[in-house]
Amino acid sequence: MPRIYEYDEYDPCVAHAERHAAPDDAAYCVARTVIKPDQESSLWRQIELFTNDTKRHFRHDHLDRGFCVHRCRQLLDSLDNETAESLFVDKFDIPFPYIIRSDAFSDAAADQLRYGKLINICQNYALRKRYNLTAYTEIEYCVRPAQPAPMDGLDIGFLVVSALILVLVIASTWYDYRTKNPQGNEHYKKDIPCRKTMILTSFSLVRNWYRLVSRSKDQLNEDLKFFQAIRFFTFCLVVVGHCSDLFNATSIANTQDREEEYYNPLSHILINGSLIVQSFFEMSGFLLSIHFCTNQAKMKKISWVAVFATVAFRYIRLTPAYAYVLFLHATWLARLQDGPLWTRGAGVERNLCRRNWWTNLLYVNNYVNADEPCLQQAWYLACDYQLFAVGLIILVAVTKYKKYVIHIFSVSGLIAILIPTLVVYYNHFEGVFLVSLQSERFIFWFDQMYHKIYVPFHTNMGCYIGGVVYGYLYHRIRTSDNKGNTSRFLKFLWYMTVPCGMLVMMISMIFYANNFEKPSLWIAIFFPLHKNAWALFGAIVMYGLIYNYNRFIKSVVNFPLFVPLGRLTYCAYISHVFFLKNFFYGSREIGYFSHTTMYMKVIAVIVASYILGAIIALTLEFPISSLQKHILPKQLEKNARPEPPKESNNVSPPSA
């Protein structure tokens, strides 16, 4: 069968075009090819049969190609008119998404008019000569040598904002140093009594460094310190999944190796690793519940106004760092590299971020224009923000109506299971989120299951609400001085959570290997139960860590290094796609997939993401959090009971 990915050499094409090609032909075009059905061809029948297994195989009738326009022009000049016309194939009915829309690129429509017929003939010449097949080929975009885009107002604006942040950091650090008292570095570790001074030192690099590495003296934070390690490891697993996706979204030579993985049960641990994001949701719900229950004891009453204020404060704390990364993707990312795939990775990102930035900043990008994503990983931020509001409403309800705690939690859990059940049933979806190779080629942009059940908050409530319930129960146990249950049975369950979690991922294989009749009630019910089993496993893991089921594992997850790494996870998360695009889409050659190659890239992405994440956290996230603390009206404290003064510190809570 024809190779799925095949590209003319980019650099020789560009170098030759600059010296010899006519100005109009000095271009390199990336196109998508769809083979025309031909039942008289035995090769086509083989392609059709193999492609019909869409869950485990690539579409081998759908090819990615890169063409040197100058080479194609020379080929066309060598053909007579009759032969050239016989090689041209008009567009036919194509029953699947095969190309990114031209409005996602700059000048794509004009290039399609200019080179469309030429590229179509060029590709069919190769297909007919080697395979006796023909195809329709459509240009996705073209790039030209020495074609830097002119700087515009947004590009300059990003530089101005970056310079302003740098000036604020330098000035604040200098001012903080000048106000340093004889206590030495202890000066940076504690709040200064003067509110004005604290505002002016909010951007102090040294002070924010101590915020990052300090350890809380609060017993609750000390008990839950292991959350930072879990947050770090979960982020690492997310990067593994994203790297796996991008091998297919760019290009690989050994596509058959990826297909063979779908027949290996152990490989489904990686293939279905998207379940790992449910750990983030459960942790978020747990920590929200813990902090709410801890703080509500200090309040005279809980009001719905306080809910609005808390949601608003969270928006102010999270958004500036997020907006800065979005600004980077909309401006300078596309200028960093070039190559045959760079426009697909960075050029599209630039255009879509300029078009849809508002959906990100309003945290609705998992619903609005989700098929034209800017910072695609940010669907999680939107979903988590929406679930935060829902979780807060549930906690206020159980606080105000204490007689109905069980009823409120039960109804919430039932809704969290019922909604995805109905979505799966009425859309004829499978019992798990299918990660097909074809969907990965477009990073799920055209995947209906991705849009209707993977990214919406209403289908991800189960694990979040599970975390809220578990946090509520933990707070009650903790305040009652309960020492926890350390029975052998519970310890056995705790040790079994990892193998059971792996088994849950592997059991997904049945939906890849079979085509069950749908709609099916058992499949619809299986989906939320399978997905929300993660909440049960997570609760058991947290319980065992809290009550020290294994001292060695507890000492590992409490290792001091994980404290700053956990606090930096948010900024590392919003930064990591910047490096994914550079490491994958910047390649000049077709890659080769292997687990060694993948994990080398995973390590590189993680290290780079934490470096950039640390810079953003120290210069934006922590300063904004400090300013919020000292400037904004403290709505939640208006109803607080007087308390004896406590020693102030700059420690970030576990949820930071």
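Which residue meets K55 in a salt bridge? The partner of K55 is E430, with N and O 2.8 Å apart. A salt bridge here is a side-chain nitrogen of Lys or Arg within 4 Å of a carboxyl oxygen of Asp or Glu.

The model is predicted: local features need pLDDT of at least 70, side-chain atom pairs count only at pLDDT 80 or more, and totals for chains, interfaces and linings use all residues. Residues are numbered from 1 along each chain as its sequence is written, and side-chain values use heavy atoms, with hydrogens and water left out.

**Salt bridges**

The structure holds 27 salt bridges. Three of them are listed here.

| Pair | N to O distance |
|---|---|
| D64 and R32 | 2.9 Å |
| K55 and E430 | 2.8 Å |
| R354 and D152 | 2.4 Å |

K55 lies in the loop between α2 (42-51) and β3, and E430 in the loop between α18 (405-426) and α19 (437-441), so this pair ties together parts that are 375 residues apart in sequence. Helices (H or I, at least four residues) and strands (E, at least two) are DSSP runs, numbered from the N terminus. Both K55 and E430 are buried. Buried means under 20% relative accessible area, exposed over 50%, and partly exposed in between, using a 1.4 Å probe and protein chains only.

R354 is partly exposed at 23% relative accessible area, and D152 is partly exposed at 24%.

D64 belongs to strand β3 (residues 62-68) and R32 to strand β2 (residues 28-35), 32 residues apart. D64 is buried, with a relative accessible area of 2%, and R32 is buried at 1%. Salt bridges with shared partners join R32, D64, E140, R344 and R441 into one network.

**The sheet**

Four strands form an open sheet with mixed pairing, in the order β1-β3-β2-β4. Two strands pair if DSSP finds at least two bridges between them. The edge strands, β1 (5-7) and β4, each pair on one side only. Strands β1 and β3 pair in the parallel sense over three bridges. Y5 stands opposite D64 in β3, the residue that forms a salt bridge with R32.
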